Amino acid sequence: LVGRNGAGKSSLLKVIARVIVPTSGRVVVRGNVAPIIELGAGFHPELTGRENIFLNGAMLGFSEAAMKRKFDSIVDFSELEAFIDSPLRTYSSGMTARLAFSVAAEADPDLLIIDEVLSVGDEAFQKKCQDRMIRFRERGITILFVTHGLDAAHKICERAVWIEEGRAIYSGPTQKVVTLFRESMEFETSLSATQKR
């Protein structure tokens with residue numbers, strides 16, 4: 001999903017993730033959903049990284065036994081071994097994003113919802129997450145990805161939707177949608193510059 005700030009992209013993801021109720025219409029979601037829609041959502045700042053893994057896993061519907069099996073993979077992917085027993089409030093935003101993505105990635109979802117949180121991680125970890133999402137896509141997992149990083153959209157998504165004021169303006173192949181969106185933004189910038197003269 002692409003669009004300017006305030007277009008409704010994050011709100012749409014929250015409706016799909018059942019965080020908020022739509023004011024009209026309805027959304028039907030089938031399958032296991034793993035949402036990463038707000039940095040730290042589903043985490044408690046006073047709990048350790050370890051405790052938050054189990055808390056977030058429970059929120060995704062996993063038993064403690066299932067999370068014990070997934071725990072080492074989550075920590076390995078997050079690269080937070082040295083900090084896993086520290087309270088989450090001591091984590092940087094990038095570290096929190098690492099933990100959130102790592103838990104969601106181990107959930108083996110039918111639908112992975114990601115709202116821009118990966119932009120806070122370092123470049124190497126962003127690449128690692130993008131590679132994981134591409135593998136998810138290849139396995140047939142649906143990914144809803146909100147981003148202002150249009151290059152990331154090209155790498156991860158085969159299709160895109162441009163949203164303005166809560167409405168889909170254009171839907172189609174990512175290259176086409178991104179090109180139209182960029183042209184629109186460039187036109188507005190040019191028009192604004194002309195009006196200021």
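How many bridges pair strand β4 with strand β5, and in which sense, parallel or antiparallel? Strand β4 covers residues 159-164 and strand β5 covers residues 167-173; the two pair in the antiparallel sense over 6 bridges. The model described here is predicted.

## The hairpin of β4 and β5

Within this pair, E164 stands opposite R167 in β5. The hairpin has 2 residues between its strands, and E165 takes a positive phi near 50°.

A residue from the start of the chain also meets this part of the model. V2 is placed in the segment before α1. V2 and W162 are 160 residues apart in sequence, yet their C-alpha atoms are 4.9 Å apart in space. Leaving aside residues up to four places away in sequence, V2 touches K9, T147, L150, V161, W162, I163, V177 and F181. V2 has a relative accessibility of 2% and therefore counts as buried, since buried means under 20%.

## The parallel sheet

Strands of a sheet pair through backbone hydrogen bonds, in either a parallel or an antiparallel sense. An open sheet is formed by 3 strands in the order β1-β2-β3, with parallel pairing. The edges are taken by β1 (33-36) and β3 (142-146); each has a single partner strand, so one side of each is left without a neighbour in the sheet. On average, neighbouring strands of this sheet are turned by 10° against each other, with direction ignored.

Strand β2 consists of residues 111-115 and is joined to β1 by 4 bridges. In that pairing P35 stands opposite I113 in β2. The pairing of β2 with β3 is also parallel and has 5 bridges. There, the bridge partner of L111 is T142 in β3.

How many of the residues of β2 are buried? The count is 5 of 5, and the strand is mostly covered. In a regular strand the side chains alternate between the two faces of the sheet. In β2, L111, I113 and D115 point one way, while L112 and I114 point the other way; all are buried.

## Helices on the sheet

Helix α1, residues 9-16, lies across β2 and β3 and runs at about 150° to β2. Helix α5, residues 123-138, packs on the sheet as well, where it touches β2 and β3. The direction of α5 makes about 140° with that of β3.

Helix α3 has 15 residues. Its first and last C-alpha atoms are 19 Å apart, close to the 21 Å expected at 1.5 Å a residue. At K70, α3 bends by about 45°.

K70 is also one of the buried residues of α3, along with A66, M67, F71, I74, V75, F77 and S78. The cover over the buried residues of α3 includes α2 (49-59), α4 and α5. After α3 comes E79, whose phi is positive, near 60°.

Helix α4 has 14 residues, which should span 20 Å at 1.5 Å a residue; the end C-alpha atoms are 20 Å apart, which agrees. Of these 14 residues, 13 are buried, and α4 is mostly covered. The helix is followed by D108, which has a positive phi near 50°.

## The nonpolar cores

In soluble globular proteins, nonpolar side chains tend to be buried together. The largest nonpolar core in this model has 35 residues. Which of them touch the most other members? They are I53, L99, F101, L112, M133 and F145.

Several elements each supply at least two residues of this core: β1, α3 (64-78), α4 (93-106), β2, α5, β3 and α6 (150-156). The largest share, 7 residues, comes from α4. Apart from this core lies another, of 12 residues, with A7, A17, V29 and I113 among them. I113 is the residue of β2 that stands opposite P35, whereas L112, which points the other way from β2, belongs to the largest core.

Terms used
Residues are numbered from 1 along each chain as its sequence is written. This is a predicted model: local features need pLDDT of at least 70, side-chain atom pairs count only at pLDDT 80 or more; totals for chains, interfaces and linings use all residues. Side-chain values use heavy atoms; hydrogens and water are left out. Two strands pair if DSSP finds at least two bridges between them. Axes are lines fitted to C-alpha atoms, for helices over the stretch in contact, and angles run from 0 to 180 degrees between N-to-C directions. Contact means heavy atoms within 4.5 Å. A nonpolar core is a set of buried Ala, Val, Leu, Ile, Met, Phe, Trp, Tyr and Cys residues joined through side-chain atoms within 4.5 Å. Buried means under 20% relative accessible area, exposed over 50%, partly exposed in between (1.4 Å probe, protein chains only). The expected span of a helix is 1.5 Å times one less than its number of residues. The bend at a residue is the angle between axes fitted to the seven residues ending there and the seven starting there.
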